[in-house]
There are 2 protein chains.
Amino acid sequence: MTRLFNDPAAFADEALEGFVLAHRRWVRPVSGGVVRSVPAAPGQVAVVIGGGSGHYPAFSGLVGPGLAHGAAVGNVFASPSARQIRTVAKSAHTGGGVLLMYGNYAGDVLHFGQAAEQLNAEGVETRCLAVTDDISSAGAEDLDKRRGIAGDLPVFKAAAAAAEEGRPLAEVVRVARHANARTRSFGIAFSGCTLPGADHPLFTVAEGRMAVGLGIHGEPGIGEQDVPSADEAAELLVSALLAELPEGVDQARGQRAAVILNGLGDVKYEELFVVYRQVAGLLAEAGVETVDPEVGELVTSFDMAGVSLTLCWLDDELETLWTAGADTPAYRKGDARASAGRTDAAEQRDETAEAVPPATEESRAAARTALAALTAIRDTVDENAEELGRVDAVAGDGDHGIGMSRGSGAAHRAAAAAVEAGAGAGTAVGAAADAWSDRAGGTSGALWGVLLNAVAAALGDTDRPTARTVADGVGEASAAVRRLGGAEVGDKTMVDVLVPFAETLATATAEGEALAPAWDRAATAAEAAAKATADLVPRMGRARPHAERSLGTPDAGAHSLALIVRAVHGVLAAPTGR
Amino acid sequence: MTRLFNDPAAFADEALEGFVLAHRRWVRPVSGGVVRSVPAAPGQVAVVIGGGSGHYPAFSGLVGPGLAHGAAVGNVFASPSARQIRTVAKSAHTGGGVLLMYGNYAGDVLHFGQAAEQLNAEGVETRCLAVTDDISSAGAEDLDKRRGIAGDLPVFKAAAAAAEEGRPLAEVVRVARHANARTRSFGIAFSGCTLPGADHPLFTVAEGRMAVGLGIHGEPGIGEQDVPSADEAAELLVSALLAELPEGVDQARGQRAAVILNGLGDVKYEELFVVYRQVAGLLAEAGVETVDPEVGELVTSFDMAGVSLTLCWLDDELETLWTAGADTPAYRKGDARASAGRTDAAEQRDETAEAVPPATEESRAAARTALAALTAIRDTVDENAEELGRVDAVAGDGDHGIGMSRGSGAAHRAAAAAVEAGAGAGTAVGAAADAWSDRAGGTSGALWGVLLNAVAAALGDTDRPTARTVADGVGEASAAVRRLGGAEVGDKTMVDVLVPFAETLATATAEGEALAPAWDRAATAAEAAAKATADLVPRMGRARPHAERSLGTPDAGAHSLALIVRAVHGVLAAPTGR
């Protein structure tokens, strides 16, 4: 269990702070994460990795020459926000474009995807790659749905080594895809970790039993069996990986592979070595030549007791990239080294403090209305936080209320500060969007950031927003949430409410209704749609391990959206509203 | 707990095998441990470290350029035997002499001390240094009694870096002593590890509580308290170390220190970073400049949940040595690197298979008598193993019977093989001595090795042993056991029996008695002395955590020695004896 912490809410930040203090030779802190202490050569593609905290050395421990240029570091097991990723990427960028790399998890896909859209919009050419090595998380016909686990390392490293050679962004992306396509992992686990401040483990496996294919955050596995001997464990891992050769590898015999036997935290080095002894024997028997094997803790899950085996099937190009030098806090190889001259963190300014752009008086008035709406949203969320938590707990981990509360509170504060500084409606709502996504964490936080950003773009800082402008913004928001979130109507998510809300609002305003009555109609449609989600079963996922149980209960995200649009109607219908 | 293993008895060997398979770039296997894959320059002092298994990266993970030249690797939590240490040292030696380094534990002190005596006798100039950094294990007035924990690393590294510079053995020893004198550690623990095959942890700490100053094998701590916050833990660790500055450091302010925040296994990286954040802050407040801090797992105890802080107070010389490059499987720094050209393990032969030296027929006859005695010893030990375990369990961990059984069995087999090959008495008993020490493990195994080796030296391979020869050998054995074991009469150990036995035998043979009746008198004295140990309270130690409870029970080692000398008398008095 995790025993040493101060305020659990501050854990990830404090860990990052201590990490930086111990590793100034390699990294310097920026808002949202870390970048190399010595910047890469101008024009080199910047490889920016990231994910939640709790997986050290992933992700901050892998920053340095020959590996990542920066890491965006989220809260415990939560994706970094799009804003964090953007800040880190811009600090790491030296003109050659950016490749964002992360494990394939809903929250990460959302936040990194959003950051990439923003960076591209700002003129920083950016591409994304989600690592999908865990063969137990989806079938071979669904490669894109697989999770990323310890296969992160060889895929990150291949791309980073290609960047280090000075290859252009398109080439680095090709290499990353190629390495990902040839990387497979498979894991077993004996027990879950207990997060800072939690009083029970994230998941449990019965004493003497072992979960097969379990994810690193407690995602469901594909089976359970008695704890095997070390040799049997090796046999299980090796045979699973030899049973699914990637495209382009016709047979195992005669192949070379990078091998990673990864400890998740509480399986210790000597045990790993005992298992590796047999892994090496079995691979040799199968005619596979191991290249620079790694046995140790590369991607952990606090003190989770588990182990995974990764094979990255090498060709000449991948072998050169895998064996190239690297020098990071937690991973070193060959000649590369963090150079002596480092950039002093204090000298460095990042782009968090942005000036408020000019706005018309009309737009400033609209910003005040938006602020009133955000106040109402915050109050409604706070009032209903406990209920939202209860609803969420039926299918998921019950933190929807807390996350929404944190997000809406931060959004309100950011908008208030912006209005205070004279911002127009677009800037004020945009600040709220970033703050929400930044502070709420999780998938719903990211989606609210996306939603509000789309609305902000429609509002702008110049014109007095009309009913049509607002409806267009909401329509954009609906499209963006579906595009980035990947959910459709019927999946039992907020999309089930957002789509009919946006459509009703569009219809009503197109018919010439004023904003307040149109919003009222749309809110009524939203409420009906939220209620109807009780009849749906969501797709399974990490956030909803007990999805099937939720039949008969509405979706928490759908429910909170319906509450919010109703609260906003109160503001729009009030005498001071419009 | 340790979950992944095959045969628990083979765990340490299999772990070493897997470790070597994964790290061929740095190390090659030799009998008893590992040495660098690329030998050091001729004439360089060889720094050979070692200790029990279960502490990875200590000790095998620290072999490579800039750090150790070889590591002798014992069984789980058991010292390597003198034979293992000798083999590793001879493989690592390139003509400049050897420095043996290890933590200050009874078993290690014995085995390394014995190996040093043998190496020096064979013409390999060898010195020893036991690291004594754990301030909780003895008072500042008893520096030599302190245990070695994570302070191993800076002390090993200082000596190794000095060796790498080409300094002569005396200089390397001086540096090692100087570094050890300036290194202090202090630790806390939340729970113990469960060894391979064991069904309960080595020790437990109540949920929510923390042991202060606990050793890395469950040795008693100096207090217990509630689990603190991370900041409070940092405060506890830092203040304990600042309260005891070493000689030559008048005040903390203005000093530089190498800092190691070490995780014992189940306290994970993020927690360590949260603690380090405050450690760094408190040291800065106290005016201490940190140099190349290390935060991670450097000396573990399987999955024990604990953390220790080490400060090595640097002067210019020690700072240069601490910051020098190193390249080992688990620890890398700066420029040093394991070179590409490596020695193929298969090409290498070590000195384990020794030819039987020539012997006279008279000495061969004596060897047969010695073998009969060793058969009787084995049978007596096996008959009484359970009782010996019970006696030992009163004060200690109850493994005396098992260890003696393993040792005497191995000794018998080795002597039988030697006799079969035509060995004289000296060679046969010497083989038995090495096998006993090699297989029994623990302190009693080492002492039986010492004892039998002294007897073997007296017997030789030429002359027919007389009663006086045997008595002289036993006298030598008594002196050697006291010298290397450090116990005196009255400490409630086998010494309480060995000394009166040797003295009575010497008196009786000096008076002209034949061996059998003289041995009978001596055995009677031994039996009385063994009984009398019931009235003594032993010194506390890791092997005897409940020492005070043993008042009223004889000492297990004393008891087994008395049983053994009586059984040998049966052989000497029999018609085929002499």
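**Figure 1. Domain 1 and domain 2 of chain A.** The centres of domain 1 of chain A and domain 2 of chain A, taken over C-alpha atoms, are 25 Å apart. This is a predicted model, in which local features need pLDDT of at least 70 and side-chain atom pairs count only at pLDDT 80 or more, while totals for chains, interfaces and linings use all residues; side-chain values use heavy atoms, without hydrogens and water. Residues are numbered from 1 along each chain as its sequence is written, and chains are lettered from A in the order in which they are written. Chain A is divided into domain 1 (1-131), domain 2 (181-323) and domain 3 (361-573), with bounds from an automatic or database domain assignment.

**Figure 2. The interface of domain 1 and domain 2 in chain A.** Contact (heavy atoms within 4.5 Å) involves 13 residues of domain 1 of chain A and 16 residues of domain 2 of chain A. The two domains bury about 1,300 Å² between them, 66% of it on carbon and sulfur atoms; buried area is the accessible area (1.4 Å probe) that two parts lose on being put together, summed over both. On the side of domain 1 of chain A that touches domain 2 of chain A there are ten nonpolar, three polar and no charged residues. In this classification Ala, Val, Leu, Ile, Met, Phe, Trp, Tyr, Cys and Pro are nonpolar, Asp, Glu, Lys and Arg are charged, and the others, Gly among them, are polar. Between these domains the count of salt bridges is zero, a salt bridge being a side-chain nitrogen of Lys or Arg within 4 Å of a carboxyl oxygen of Asp or Glu. Six residue pairs are in polar contact across this interface, both residues at pLDDT 80 or more. A polar contact is a pair of N or O atoms within 3.5 Å; within protein, one must be able to donate a hydrogen and the other to accept it, and residues adjacent in sequence count only if both atoms are side-chain atoms.

**Figure 3. The axis relating chain A and chain B.**

**Figure 4. The interface of chain A and chain B.** Chain A and chain B each give 55 residues to the contact. About 4,800 Å² is buried between the chains, and carbon and sulfur atoms give 59% of this area. In chain A, the residues that lose the most area to chain B are Arg3(A), Leu4(A) and Glu270(A), together 17% of what that side buries. Eight salt bridges are counted between the chains, as are 30 residue pairs in polar contact, both residues at pLDDT 80 or more. The side of chain A that touches chain B takes its largest share, nine residues, from α7(A); helices (H or I, at least four residues) and strands (E, at least two) are DSSP runs, numbered from the N terminus. By class, this side has 26 nonpolar, twelve polar and 17 charged residues.

Figure 5. Tyr56(A) and Pro57(A) are joined by a cis peptide bond, with omega about 5°, and Pro57(A) is in the loop between β3 (46-53) and β4 (70-76) of chain A. In chain B, a cis peptide bond with omega about 10° joins Ala58(B) and Phe59(B). Lys492(A), in the loop between α13 (467-485) and α14 (495-510) of chain A, has a positive phi near 60°.
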